[in-house]
Amino acid sequence: MIKDLALEQVVGDHHALGTSITLQIFGTQNRDLLQKSFDLIDHYEDIFTVNRDESEVMYINHAAGEHPVQVSSAVYGLVKLAVEKSRENFGFNALIGPVVKLWHIGFKGAHVPKDEEIKDRMLLTDPFKVVLNDSDQSVFLKMKGMELDLGGIAKGWIADRIRDLWRAYGVEAGIINLGGNILLVGDSPKRISGQWSIGVQDPKQPRGDNITSVMVPECSAVTSGTYERYLVVNGKKYHHLIDPRTGYPVKTDLAGVTTFTKTSVEAEIECKRLFFAGKPLKGWHDNPDRIGAIFVYNDEHIEYDNFGD
């Protein structure tokens, strides 16, 4: 018999979704569920990725301007959510890929495109030119050259599915970390309150150096920031978060915003909503699924929305 089994844990690392993944399950010494979780992540990457020539999303992209493509329920559901959120026009757009590729910030060949080039590519980013057919689960991009990219939403959705898997196996507590996209499962076994301590990245320091931290219940924490990928031309800094309303990096005093919500896919979406707003939104946390947000500005001052500071 193991003393304090609740504090025992298994930890596993994996590389997928273009990032380093760490899964931590408390209350067990059995590693089988870690491998099942990694296999599930790999499965979702296979059907969602746009970084390979073949995936269900790439079949949609290859058929742009030609014909609809039927896809699996998982892909259709996530595409539908991404398109519906893109149509709200708050800053998230799953069709912004052609413009992002033009800038290529964070990669070899990054440059500031000409205004005409940006305007041409912007024509390919209209979420109302996506036809969603619920009856046969098909997706049609009406213009050739349009591209769907679920990268801004898929990690959150996948984290939620890993939590579903863990709950099916009776996991009481754990941490899902998909490259900084955090989902806390259950109550923390390390504190009587059951709360978890979450640090918020200092935008001017190496990854892992926190500028502040908060105590939270079971939730997901996701950050959008300007500080990890950027391009400097003639002394001017261009970060990688392109505003789909202009085609240029969004103008903001924010270095980053971290949202805390009950599901990880919502944290992904709401993080972008608040980042593009550039400040706390009145009534945002009236929704009970939204626990709070932390805004870190370029001058390093911090605003706490729904947290005592």
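Helix H1 has 17 residues, which at 1.5 Å a residue should span 24 Å, and its end C-alpha atoms lie 25 Å apart, in agreement. The expected span of a helix is 1.5 Å times one less than its number of residues. Helices (H or I, at least four residues) and strands (E, at least two) are DSSP runs, numbered from the N terminus. The model is a predicted one, in which local features need pLDDT of at least 70 and side-chain atom pairs count only at pLDDT 80 or more, while totals for chains, interfaces and linings use all residues. Residues are numbered from 1 along each chain as its sequence is written, and side-chain values use heavy atoms, with hydrogens and water left out.

**Helix H1 and Phe38**

The buried residues of H1 are Leu33, Leu34, Ser37, Phe38, Ile41, Tyr44, Glu45, Ile47 and Phe48. Buried means under 20% relative accessible area, exposed over 50%, and partly exposed in between (1.4 Å probe, protein chains only). The cover over these H1 residues includes strand E1 (9-16), E2, helix H2 (56-62), H3, H6 and E6.

Phe38 sits in H1, which runs over residues 32-48. Phe38 has a relative accessible area of 6% and is therefore buried. Apart from neighbours within four places in sequence, Phe38 is in contact with Gly12, Asp13, His14, Ile21 and Leu23. Contact here means heavy atoms within 4.5 Å. Between the C-alpha atoms of Phe38 and Val216, which are 178 residues apart along the chain, the separation is 26 Å.

**Helix H6**

The 15 residues of H6 should span 21 Å at 1.5 Å a residue, and the end C-alpha atoms are 21 Å apart, which agrees. Buried positions in H6 are Ala154, Gly156, Trp157, Ile158, Ala159, Asp160, Ile162, Arg163, Leu165 and Trp166. They pack against strand E2 (19-26), H1, helix H3 (73-87), strand E6 (173-178), strand E7 (181-186) and H7. After H6 comes Gly170, with a positive phi near 80 degrees.

**Two helix pairs**

Two packed helices are described by the angle between their axes and the distance between the axes. Axes are lines fitted to C-alpha atoms, for helices over the stretch in contact, and angles run from 0 to 180 degrees between N-to-C directions.

| Pair | Angle | Axis distance |
|---|---|---|
| H1 and H3 | about 65 degrees | 10 Å |
| H6 and H7 | roughly 160 degrees | within 6 Å |

H6 is thus roughly antiparallel to H7, whereas H1 and H3 are roughly perpendicular to each other. Angles under 35 degrees count as roughly parallel, over 145 as roughly antiparallel, 65 to 115 as roughly perpendicular and the rest as oblique.

The crossing of H1 and H3 is right-handed. A crossing is right-handed if the near helix is turned clockwise from the far one by less than a right angle, and left-handed if anticlockwise. Tyr44, Ile47 and Phe48 of H1 make the contact with Ala74, Val75 and Leu78 of H3. By class, this contact of H1 with H3 has 6 nonpolar, no polar and no charged residues. Ala, Val, Leu, Ile, Met, Phe, Trp, Tyr, Cys and Pro count as nonpolar, Asp, Glu, Lys and Arg as charged, and the others, Gly among them, as polar.

H6 also passes H7 in a right-handed crossing. Lys155, Gly156, Trp157, Ala159 and Asp160 in H6 meet Ser264, Val265 and Glu268 in H7. The contact of H6 with H7 has 3 nonpolar, 2 polar and 3 charged residues.

**Asp202**

Asp202 lies in the loop between strand E8 (196-201) and strand E9 (210-216). Its relative accessibility is 11%, so Asp202 counts as buried. Outside four places in sequence, the contacts of Asp202 are Asp209, Asn210, Ile211 and Glu300.
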